[in-house]
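Please read it alongside the sequence and the model shown here.

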Amino acid sequence: METISDKELKIASYFVNTRIFWHRLAIFLLFFADVVLIYSVSLKFLFYWGGAMAHDKLIRELQNDYVNLTAIHSTYQGSPLRVSEVKKISAGVDQIDIITEVINPNTRLFAKEVEYRLVQDGIPQEVERTFVLAGQRKSLFAFGVQGSVNSDIQLEIVNTRWQRIGDNNIRHKILSNMEVGDLKWGNSGGDFEISGAISNGSGRGFWNIGLLAIIRSGPEIVGVNYTTLFKVEPNEVREFVINWPYDISRVTSVTVLPDVNVYDDSIFMPLFTRIIDPSGIDQ
Amino acid sequence: MVVTKITSFFRGIDWLLIGSVFFLVLIGLQAIYSLSLGDVGLTRFDKQLVAIFFGIILFLFGYFIDYRKLGSLSWFLYGTSITGLLLVLFLGTTFGGTTGWFVLGNFSFQPVEFIKIFSVIIMAYHMNRRVVVNGPRLWLESLLILLPIVLLLAMQPDFGPIFLLLLLWFILNAVRGLSKNQWFILFGMVIIVAVIGWFGVLSEVHQGRITNFLNPSADPTGGGFQVNQSIIAVGSGGIVGRGIGEGFQSQLNFLPAAATDFIFASILEERGFVGFLIILLLFTIFYWRILRILNKVRDPYSQYLVLGLGLLLLVQTLLNIAMNIGLAPVVGLSLPFLSYGGSALIAEFFLVGILMNVVVRQKF
């Protein structure tokens, strides 16, 4: 009979006692690992799929335009310039002066360049250019036009270039700081003359300031004229005289309006700085 | 006569195991081909084919040599391992901060891939000699045997194989059957080794890998970049994948180490969930067959050897897949049979050869 050593017995005991356990445990762990891996990889797929769907939804939503352009346009949309009735004033034999008003109804749009022309008896005249500030009623005129007060004369706006004015732009307030005062008028030796003074309280100097004079007899305009003042400095009070080479009777009111394109940088004189001594004495 | 002998020798082979390896290598080749599309000159695909050729030779070597003699050669294998690790430290080339490669022209060789197998053979041989004895003395002995290899690997530094070897040491000792006290002592030793490793051996980069694993979203463009890109690649594959050469993450180089450590994510991106199930099925068949071998071997040496070799691949497989899907820290381990890398593939073929050798010689 074959004898079994202690060592062999211990080995045999180990095999019997633990081998089956380890084998079953190993099989279980192998398939458990499979389940864990399938579960984990499935989660990665699902999370990616879910994330991709959410991303697609976000991209689709981003393509929607949430800006209500209709409301913005209705608020900020510009209205065209309006032209009032053309007034014709006799200025001698077969000559008339013409005056009309161009109204800019927009508060945020400045008509930086307006091309217009007179159409006299159906014939278009030469194109002229001007500007109309935001909200301004601007008088346009033509002196010594050939024709009579019965001629059919219209003012036609050919083209307008607009510029939007920002909410913080205060240039339009410059004109409100210019005051025309001390107005006197009357006939003198066959001429009609207006005199007065313009006070430039805007704080800026101007290379030139246009002055438009309108004379009324009651509601009727009976005369218009235009002159230009040069180099008007800040806080300067400049006197002016405007003449008509003929007498004008029954004048009831005179209006003189400053005409400055406040959005044109080239009309401003450079700012000159002065060194202020701390003691308050100017050097 | 010789032909008959060879035919009869192949008769006992486990064709299911070989078949699973064959299809895994095929899937890996396809993935490497896809990733090599932009390569110039000798592509990674070409190099992998060369590795397969040498792998088959090593498989036959592992298959025909008597695996029991490998055990008696364990001191020679031990000396070879130490010499190889010393030589690579002085003569080797550094890639990615690790001095672990001998470069010969267009090819490189990483000795650690074979040293892992040699270490398993050495441990199996040692445990067989002390089969009746179990306890702290044996654990310490086996740990001391491994220690020079571990220290030399730490000098490279290459912490993936170190982790793998220490885990094998733990499992091989644990499966011998432990009392409660022995479990406590063994776990105590593991904790001591872990603490020494964390504070004394691991660099900030390697510590960062673990902290990034615990909180990958903390630094998605830095330390967590690899794992985040890998998870995106895995998830973006969908059910059937984007198709060969169509993976954004791997083809556009968002996914680092797409052909090596993160080839699993590359494959899933291009082959999808279906590809994953196929890979999982093949690996399951492979390890199930190894368990079958393990269950049938009759002597302790063969048992330790098969268990060690099987665990070597299993741990690598599980860790690699887990790190690809963010379940484990990035440890720098390739995926067996699939990853690009000649040395690893040749060594794995050699390993499979030894397993088949066990099957045939045990004649079950």
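In chain B, residues 24 or more positions apart account for 72% of the contacts with a separation of 6 or more; two residues are in contact if their C-beta atoms, placed from the backbone, lie within 7 Å. The structure is a predicted model, in which local features need pLDDT of at least 70 and side-chain atom pairs count only at pLDDT 80 or more, while totals for chains, interfaces and linings use all residues. Residues are numbered from 1 along each chain as its sequence is written, and chains are lettered from A and ligands numbered from 1 in the order in which they are written.

**Chain B in outline**

Chain B holds 15 helices and three strands. Here helices (H or I, at least four residues) and strands (E, at least two) are DSSP runs, numbered from the N terminus. Of the 364 residues in chain B, 47% are buried. A residue is called buried if 20 or more other C-beta atoms lie within 10 Å of its own, exposed if 12 or fewer, and partly exposed in between, with C-beta atoms placed from the backbone.

The three strands β1-β2-β3 of chain B form, in that order, an open sheet with antiparallel pairing; two strands pair if DSSP finds at least two bridges between them. Its edge strands are β1 (93–95) and β3 (107–109) of chain B, each of which pairs on one side only. On average, neighbouring strands of this sheet are turned by 55° against each other, direction ignored. Such angles are taken between axes, which are lines fitted to C-alpha atoms (for helices over the stretch in contact), and they run from 0 to 180 degrees between N-to-C directions. β1(B) is joined to β2(B) (residues 98–104) by three bridges, and B:Phe95 stands opposite B:Thr98 in β2(B).

**Two helices that cross**

Two packed helices are described by the angle between their axes and the distance between the axes. The axes of α13(B) (residues 263–296) and α15(B) (residues 342–362) come within 11 Å and cross at roughly 40°. The two helices are therefore oblique to each other; angles under 35 degrees count as roughly parallel, over 145 as roughly antiparallel, 65 to 115 as roughly perpendicular and the rest as oblique. From α13(B), the contact is made by B:Ile290, B:Ile293 and B:Lys296, and from α15(B) by B:Leu355, B:Val358, B:Val359 and B:Gln362. By class, the residues of this contact are five nonpolar, one polar and one charged. Ala, Val, Leu, Ile, Met, Phe, Trp, Tyr, Cys and Pro count as nonpolar, Asp, Glu, Lys and Arg as charged, and the others, Gly among them, as polar.

**Where the chains meet**

The contact between the chains takes 23 residues from chain B and 20 residues from chain A. On the side of chain B that touches chain A, α11 (225–236), α13 and α14 (300–324) each supply at least two residues. The most is given by α13(B), with nine residues. This side of chain B has 17 nonpolar, six polar and no charged residues.

**Strands of chain A**

In chain A, three strands form an open antiparallel sheet in the order β12-β11-β14. Strands β12 (220–232) and β14 (253–259) stand at the edges, each with a single partner strand, so one side of each is left without a neighbour in the sheet. Neighbouring strands here are turned by 20° against each other on average, direction ignored.

| Strand pair | Bridges | Opposite residues |
| β10(A) and β13(A) | eight | A:Glu193 and A:Asn243 |

β9(A) and β10(A) form a hairpin with two residues between them, and A:Gly189 in the turn has a positive phi of about 60°.

**Backbone exceptions**

Most residues other than glycine have a negative phi, and most peptide bonds are trans. A:Asp182, however, has a positive phi of about 55°. This residue is found in strand β9 of chain A and counts as exposed, with 11 C-beta neighbours inside 10 Å. A:Lys231, in strand β12 of chain A, has a positive phi near 50°. With 12 C-beta neighbours inside 10 Å, A:Lys231 also counts as exposed. In chain B, the peptide bond from B:Gln156 to B:Pro157 is cis, with omega near -15°. B:Pro157 lies in the loop between α7 (136–155) and α8 (159–174) of chain B.
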